[in-house]
Amino acid sequence: MKPLKDLTWDLEIIFPGGSKSTKFREHLTIVDQELDKLDAYINQLQPKATKENIEALIDLCQQMESTTKLMREAFAFISCLHAQDTNDQHVQPLLGERSQLNAKFGGIQTKLKQKLGAITEEDWSLFSQHESLQEIIFVLEEYREQAQNLLPLEQEALINDLAKDGYHAWGQMYDVIVGNMEITLEEKGSLQHYSIGQATNKLTDPNRRFRQHVFTKLSAAWEEQADLFGQTINHLAGFRLETYKHRGWENVLKEPLMINRMKQETLDAMWTAITKYKGQFVHYLNKKAELLDIDTLSIYDVTAPISETVQTYTYEEGANFIVDQFRKFSPKMADFAEMAFEKRWIEAEDRPGKRPGGFCTSFPHSEQTRIFMTYSGTASNIATLAHELGHAYHQHVMNDVNALNQRYAMNVAETASTFAEMIVADASLQAATSKEEKKALLEDKIQRSVAFFMNIHARFLFETRFYEERKQGIVSVERLNQLMVEAQKEAYCETLSEYDPNFWASKLHFHITGVPFYNFPYTFGYLFSNGVYAKAKNGEGSFEEAYISLLRDTGRMTVEDLAKKHLNVDLTETAFWEEAVLECMKDVDEFMKLV
């Protein structure tokens, strides 16, 4: 691979000029015009299954595909601009325009669902038989089913319009506040100023006193803004709950389950299996406390390294390692990763002003992706980079799939990313040259299991209980803190000496407007990818092509059908999930033997 000297991404090739790009301004105008065309197509659609109406639906779907690509292109660019510099004042108006376009598209999409839902079963059987619609028939039938859960068109349109300033604006407010926050840390005898993302990375420092210092400073910063974040999370939830009430939805999980195309039974089976085997991970946490020479772990110790010396890697070393390990499983995935590095599709520079966290976003019109993270050289950073490259490869193999089938849900999206992460984690273990190195890498891998089985579970428990209380009115900051600690105590089996009451404020996922319950899909993807990974290690048939086939199906079937077709398992039963958890427990067993 070519030398990698630049850790910033290239957005100029997509729209030159950044947040002041004239080309992007022209693109936004085109998106608006194409939305108007799509709306006109939908207005003309009639429910009777005549030859003319069937052809009209085909034309409509083609317009829907092209418009969706153009719109996702615009939204991805705005997300990248905002993430790379949260203080860019030219991005704020673009965020507003994104909300307006999203609301407009939401209204048009709702109208399409209502139109399709109004077609009788007899007529629909004639529509759906047409050869040109077969590729996207799952999505169209999903639209028809969703129409049965919606309010009349005028009311849904009103909700979409009000969401611009009454819903999405709260998420934007959260981003602005976090982007302006700064953490001052006493480090090596001097005061250093960091963004939230940079400071959060310091929580993996091997020095416990310094970790405690970082945690205390971060906690104070979140507490200082808690009243504002309390408003953010309460009003986001309030808007959703009011919408659910008018639609007649009693279960707050109805929407996230619909979005993730999964059954309640599947979700219940997954958490049941995890809870059953948490005891082994409690033993691991207790052992870790012993290794760190402390009585009981605090929340800021859970992700701490067990070695005082932490191995770090240059960006180029991390990139080469990822590409080499991908190649052992899938040459095509390795070639893609190499291209992403060389073409600068990755923003990894460690600098202030960036938003915290990491993500992968797609530019379907350009058939490119972009990855965002802050790379500081740890093994965990390499795992994150591999994780996001897994997302990017997922989209890459979907580029020639109809855009309506590219909207795969978050839970299966996390499958590809976690699979990529597992490849790198296991490869790191195998490449270890000493017992100490192997122990540290194995422990880093177990940390991910703890995150998915305990940290994510705490988020799920908190959000479920918060929504139930929010139905009765505003939930105070004090109560939010209590709910968070209670959820963490239950999820971690009361193993820790100190918890993080401010986690509801510091975790971006609670304040995202696009997807409610941005938590359990991570755990689903982690365990589901275990099944895929087991298949890869066993070398059953041509894994590379089988894997690509699975990824390409993720946007056109339920997760239960996907699992049945590609893994021959029933996700509504605990057996699959228990087997996946037991695979993770092998790491704990090996770690216990080492220490």
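Author: Happy to! Strand 5 (residues 368-372) has five of its five residues buried, so it is largely enclosed by the rest of the structure. Buried means under 20% relative accessible area, with a 1.4 Å probe and protein chains only. Strands are DSSP runs of E with at least two residues, and helices are runs of H or I with at least four, numbered from the N terminus. This is a predicted model, where local features need pLDDT of at least 70, side-chain atom pairs count only at pLDDT 80 or more, and totals for chains, interfaces and linings use all residues. Residues are numbered from 1 along each chain as its sequence is written, and side-chain values use heavy atoms, leaving out hydrogens and water.

Reader: Which residues of strand 5 sit on each side?

Author: Gln 368, Arg 370 and Phe 372 are on one side, with Thr 369 and Ile 371 on the other, and all are buried. In a regular strand, side chains alternate between the two faces of the sheet.

Reader: New topic: is Thr 232 buried or exposed?

Author: Thr 232 counts as buried because its relative accessibility is 0%. Thr 232 is in helix 10 (residues 226-247).

Reader: And what is Thr 232 in contact with?

Author: Leaving aside neighbours within four places in sequence, Thr 232 is in contact (heavy atoms within 4.5 Å) with Trp 170, Tyr 174 and His 511.

Methods. Buried < 20%, exposed > 50% of the residue type's maximum accessible area, 1.4 Å probe, protein only.
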